[in-house]
Structure formats: C-alpha cells, structure tokens
Amino acid sequence: MTAPYSGSCNCGAVTATIAAEPVWVRQCWCGQCQKAAAGSATNNALFATDAMAITGDVAWKGYTAASGNTVEQGFCPTCGTPIFGRNSSRQGSWVVRLGFLDGDHGLKPASAIWLEEAPEWAVVDPALEQFPRQPPPPPPAS
Amino acid sequence: MPHAGPHTGQCLCGQVHFTIDAEPVGARSCWCRDCQRIASGSATVNVLFPEEAVDYVGDIGTMRMTADSGNTVERGFCPKCGSQLYSKTVDPAGMPMRVRAGTLDDPELMAPGATIWVESAPHWAPIDTTLPRYSRGPDSPLIEECA
C-alpha cells in the first residue's frame, strides 16, 4: 500500500491520515521504548508533519534522551495507545507507531536500533540493519 | 529464578510504580491486533502473575473492551506518560494478570515461553520458531509448521 495512510487508536478517540511516504521505518529497543511498547521494541515510521491530519486530543510526555535531545511520546489519553514520537533534533517530522496505522499498510522496519538495551530474549530479524545505539544521521542533502 | 520476589517496576515517568509479591506463572508475547496498537507495532510481552499479588501505586487510566478472544479485558496505562502497565481479564474471572514486561525493573525476569495470536501478526514480525506458537489465544491450535 502507498500513501495516504490512516491510523486509529484502540478506542477511536484519535485518528490520523498521512498523505506522504515515510522517510524511514525502524524499530527501537531503548529502555524508554520498551515501556511504550509493553516490553517489545517500538516500530516507527518517520513522516513529515505537514502531511499529517490528526483528529482528537493527543497527550505528550517528554524526557531527556541519552543523546541530550528532548524526546516526547504522544499517546491517546483515553486508551493509552502509543501514537507518535518526536525528537527536538528532528523538526518538522514525527514518528508514527506502526501499531497505530490501520489495515494492511505494508510498512515494515528496515533497521533495529539501541540493541544494547534489548532484553536477552528479544527476537530481532537478522535481515534488519542493526545498531547497538543511535544510528548516525543521514548525510546532508546535496 | 534470577530474583526472589517481591518484584518491582514503574512506568516511564515514574508516576506509577508497583510491587509484586509472587513469582511469575508464565510469560508470552501477544500479536493480537489490539496489542499491536498497545505495543507500538510490536507484540506486547507479558509476564503473568496472580492478580492479588500485584500492588500498583499512582493514578492509572483504564479502558475496558471486548478483546479478540471475546473476553472482557481491562488495559491499564499511565495517564501522564502513556506507558502500558497491565492487562487483566474481567470476564471470565480468575485468569492471571498480564504485567507488561517493559515496566518491570528487571525485564529479564522471565523470558517469553510462547507466542499467541500469531495469525494476526504482520508478515515482517520476528517470531521465535523455537517457542510454541498459537494461531490465536493460548487455547487455540498450535502452529506445527516451521516458519
């Protein structure tokens, strides 16, 4: 499937449509993400925020990440479904949790990051590009 | 057992914390569609305890819904940071409480011993084929073929 993508939380209070393709899709095993993902990795697709249309209230909670950046997790205040993540180093784009997206959206992670914090029993697809911590930033656009 | 109880844990922001005065009775990963929303696209990883042994402190948001199993399930989360805390079956009664492994101070307390609701997992889901895999809930048919 290709854009537009649609998403909804478990109770339906928050919905979104996204009229763009993601910049990347990857999964994160950092300790904070394990709390946002009920013990697993979060699976995240990075989208430009100007392509998003959101209905409903999203609650946000921020923390200072190991990088020193401020990371905020957005969730439905009614049912708790994780919806978004945003990072102070990435202005103009947010990640969308893959579980929030509806239907057979076809998006899947291409890499796994922060594996040094993954539990011993974590199952990671060996076909994914793997990073012990944060991957290096992409090269600047020419 | 790596640790004798009581076991402890908290949400991401620390507003909710808990102690569990019992050893886990099991652990498993769940790929039902509700859990994929709860777990940011992954399976939830759940450590099972007798409900009466789990003691939460702090404000907890809850949502009750009919799960894919047909059971009435209550999911608890922190209303300040959104961390998922637990799932418990309200009807029928008597089932163990599922504590989200990521909230335990020791997520290594018990590794998942089975995977449930495999039939609704996305095709890219990494599923350990050395563990028992159930097409739906833990009473559903085992998946025999190798993936």
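**Briefing on a predicted two-chain model**

Leaving aside neighbours within four places in sequence, Trp29(A) is in contact with Gln34(A), Ala41(A), Ala112(A), Trp114(A), Leu115(A), Glu117(A), Ala118(A) and Ala122(A), where contact means that the C-beta atoms of two residues, placed from the backbone, lie within 7 Å. The model is predicted, so that local features need pLDDT of at least 70 and side-chain atom pairs count only at pLDDT 80 or more, while totals for chains, interfaces and linings use all residues. Residues are numbered from 1 along each chain as its sequence is written, and chains are lettered from A and ligands numbered from 1 in the order in which they are written.

**Cores**

- Trp29(A), Trp31(B) and Val47(B) have the most contacts inside the largest nonpolar core, which has 50 residues; such a core is a set of buried Ala, Val, Leu, Ile, Met, Phe, Trp, Tyr and Cys residues joined through C-beta atoms within 7 Å.
- A residue counts as buried if 20 or more other C-beta atoms lie within 10 Å of its own, as exposed if 12 or fewer do, and as partly exposed in between.

**The eight-strand sheet of chain A**

- An open sheet of eight strands in chain A has the order β6-β7-β8-β9-β4-β3-β10-β11, with mixed pairing; strands are DSSP runs of E with at least two residues, helices are runs of H or I with at least four, and both are numbered from the N terminus, while two strands pair if DSSP finds at least two bridges between them.
- At the edges of this sheet stand β6 (59-64) and β11 (129-130) of chain A, each with a single partner strand, so one side of each is left without a neighbour in the sheet.
- Six bridges pair β6(A) with β7 (residues 70-75) of chain A in the antiparallel sense, and Lys61(A) has Gln73(A) as its bridge partner in β7(A).
- Strand β9 (residues 93-97) of chain A is largely enclosed by the rest of the structure, because four of its five residues are buried.
- β9(A) is joined to β4(A) by five bridges, the two running antiparallel, and to β8 (residues 82-87) of chain A by two bridges, again in the antiparallel sense.
- Val96(A) in β9(A) is the bridge partner of Ala45(A) and also of Phe84(A).
- β8(A) and β9(A) form a hairpin with five residues between them, and Gly92(A) in the turn has a positive phi of about 85°.

**Leu46 of chain A**

- Leu46(A) is found in strand β4 (residues 42-48) of chain A and is partly exposed, with 17 other C-beta atoms within 10 Å.
- Not counting residues up to four places away in sequence, Leu46(A) touches Pro22(A), Val23(A), Trp24(A), Ser93(A) and Val95(A).

**The three-strand sheet of chain A**

- A separate entry is the open sheet of three strands in chain A, which has the order β1-β2-β5 with antiparallel pairing, and whose edge strands, β1 (5-8) and β5 (52-55), each pair on one side only.
- Strand β2 (residues 15-18) of chain A is joined to β5(A) by four bridges, and Ile18(A) has Met52(A) as its bridge partner in β5(A).

**Contact between the chains**

- The contact takes 38 residues from chain B and 36 residues from chain A.
- On the side of chain B that touches chain A, α1(B) gives the most, with four residues.
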